[in-house]
Amino acid sequence: MRKIALFLIVIILLTVLGGCADGQSGEQISETRLLLDTYCTITIHGDVSKELINEAFELLAEYEALFSKTIEGSDVWRINHARGEPVRVDIRTAAVILAGLAFGEFSDGMFDITIGRLSHLWNFGAEAGVPSEAEIEEARLTVNFRNVLIDGTTVQLTDPNAWIDLGAIAKGYIASRIAIFLEENGVNGALVDLGGDVAAYGNRRDGNPWRIAIRKPFGKIDDYLGVVEISNTTIASSGIYERHFEKDGVLYHHILDPFTGMPAKSDVTSATVIADGAMTGEALSTLFLLMDRNSVKQLIDRTYGDIGVVLVLENGEIELLGDVRLIN
Amino acid sequence: MKSNAFWLILFSALIIISAVTALLLRQVPMSRASIYLNGILTETVNLTIVEEHYTVTIDTDGRTNVIEVERGRIRMMEASCPDKTCVRQGWASNGLTPIVCLPNRLVITLESSNDSDIDAAVG
């Protein structure tokens, strides 16, 4: 009797102690750094060293050094300052530019990576105010993705005044590449969040898909519409409430219409896209803010692959399109 | 007979102890905020034990941010940046999204025991 009792006590003690310890396998590490002009959080779990997150951030910095339009000497900077001359770039830059041009074709120019001069003009708008019509027109005339010639890793802007700005697809590409890097280095699961452009590899530590909350437009930091569950895919969001300023009662936001040179007018307030393609989610989420809801539906039908879309309309209505489930 | 009673009491005691411990651990919400300026940790605040609300002012090279702290939550009350996105974000009570004032290079991150349900936020 005593032996059985002793045995049972040991079991109970182990259970109590075990309950206090972490029941899941592999340690989960998360780190946030300010890079790419936003906050970037990398989360990994598995039998890996903390050093891996450091390496992932180093890879991130490497991409920033290629794609940034403000870092002197970056691939994009060199193209923009080449006065129309051809420039040799890294193969990864070429890949992103090619994807950008493809989205340009797909959207009949609504999505345009040569939006650089226009986005630069409006960026100073927060401090200086609304740019003049003349300034807007001058910048708008340089926007035309068909002026980008690319041959292998040689890129040429045939309009010497035009500027390339990869801001609308670079983060999606980088997030995916980092997720792949982490996968190749043996993590069980990873979540790469670059200021709201997210790539997910595998699942959470508890085996369930990663849970991503979608914020309410114009809401407080903790206000969510709901949660989507993702695994081995990407999710990205764009909203008119992100970077914006108000002047004389008018809202000026950062999603610029390349045809008018002004912030886009649409009945879509925010667009969240879940897509397997590295840059698809990010590019489409921007594009959907540039068109009205009906055009969005038509575009989704033309999109290759399964995507899921959550739209928040001007009137507060939430619309789910394609392959997506919003959990409350 | 006596020794059986002894073991019975011991078992019960152990079970009760583990149950109570589990319950207690679950109910204490913990949250801690870390304030980073230019990537360097400047201050940490244990939000769980805050009694009265107070403000923290960070002033560097003419860039000013005023942070307001209350029990369990924190926010950017004022900022000298032009767009005030950080101020508009309002109170943060979970660690999901840091409060970021990019122009002033100030970031407030939170660790909270009610963080675990969501892994990231978009939108």
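Predicted model: local features only at pLDDT ≥ 70, side-chain atom pairs only at ≥ 80, totals over all residues.
Good morning. I begin with a contact in chain A: the charged end of A:Arg302 sits over the ring of A:Phe106, 4.7 Å from its centre. A charge counts as sitting over a ring if NZ of Lys or CZ of Arg is within 6 Å of the ring centre and within 35 degrees of the ring normal.

Residues are numbered from 1 along each chain as its sequence is written, chains are lettered from A and ligands numbered from 1 in the order in which they are written, and side-chain values use heavy atoms, with hydrogens and water left out.

I remain with the rings for a moment. How many aromatic pairs does a search of the whole structure find? Over all chains, the search finds six. Rings of Phe, Tyr and Trp (its six-membered ring) pair if their centres lie within 6.5 Å; planes under 30 degrees apart count as stacked, over 60 as edge-to-face and the rest as tilted. One aromatic cluster is formed by A:Tyr63, A:Phe67 and A:Tyr173.

Next, the overall picture of chain A. Chain A has 10 helices and 15 strands; helices (H or I, at least four residues) and strands (E, at least two) are DSSP runs, numbered from the N terminus. The C-alpha trace of chain A spans about 95 × 45 × 40 Å along its principal axes. Of the 328 residues in chain A, 53% are buried. Buried means under 20% relative accessible area, exposed over 50%, and partly exposed in between, with a 1.4 Å probe and protein chains only.

I turn to strand 14 of chain A, residues 308-313. Six of its six residues are buried. On one side these are A:Gly308, A:Val310 and A:Val312, and on the other A:Val309, A:Leu311 and A:Leu313, so both faces of the strand are covered. As background, side chains in a regular strand alternate between the two faces of the sheet.

Which strands pair with strand 14 of chain A? Strand 13 (residues 268-275) of chain A is joined to strand 14 by six bridges, and the two run antiparallel; two strands pair if DSSP finds at least two bridges between them. Within this pairing, A:Thr272 has A:Val310 as its bridge partner. Five bridges join strand 14 to strand 15 (residues 318-322) of chain A, again in the antiparallel sense, and here the partner of A:Val309 is A:Leu321. The hairpin of strands 14 and 15 of chain A has four residues between the strands, and A:Gly316 in this hairpin takes a positive phi near 90°.

Strand 4 (residues 148-151) and strand 5 (residues 154-157) of chain A pair in the antiparallel sense over four bridges. A:Asp151 has A:Thr154 as its bridge partner in strand 5, and A:Leu149 has A:Gln156. With two residues between the strands, this hairpin includes A:Gly152, which takes a positive phi near 65°.

A:Arg83 has a positive phi of about 50° and is placed in the loop between helix 3 (75-80) and strand 3 (87-88) of chain A. Is A:Arg83 buried or exposed? At 58% relative accessibility, A:Arg83 counts as exposed. A:Asn232, with a positive phi of about 55°, is found in the loop between strand 9 (224-230) and strand 10 (233-239) of chain A, and at 47% relative accessibility it counts as partly exposed.

B:Ser93 lies in the loop between helix 2 (85-88) and strand 6 (99-101) of chain B, where it is partly exposed at 29% relative accessibility. B:Ser93 and B:Ala33 are 60 residues apart in sequence and 9.4 Å apart in space, C-alpha to C-alpha. Thank you for your attention.
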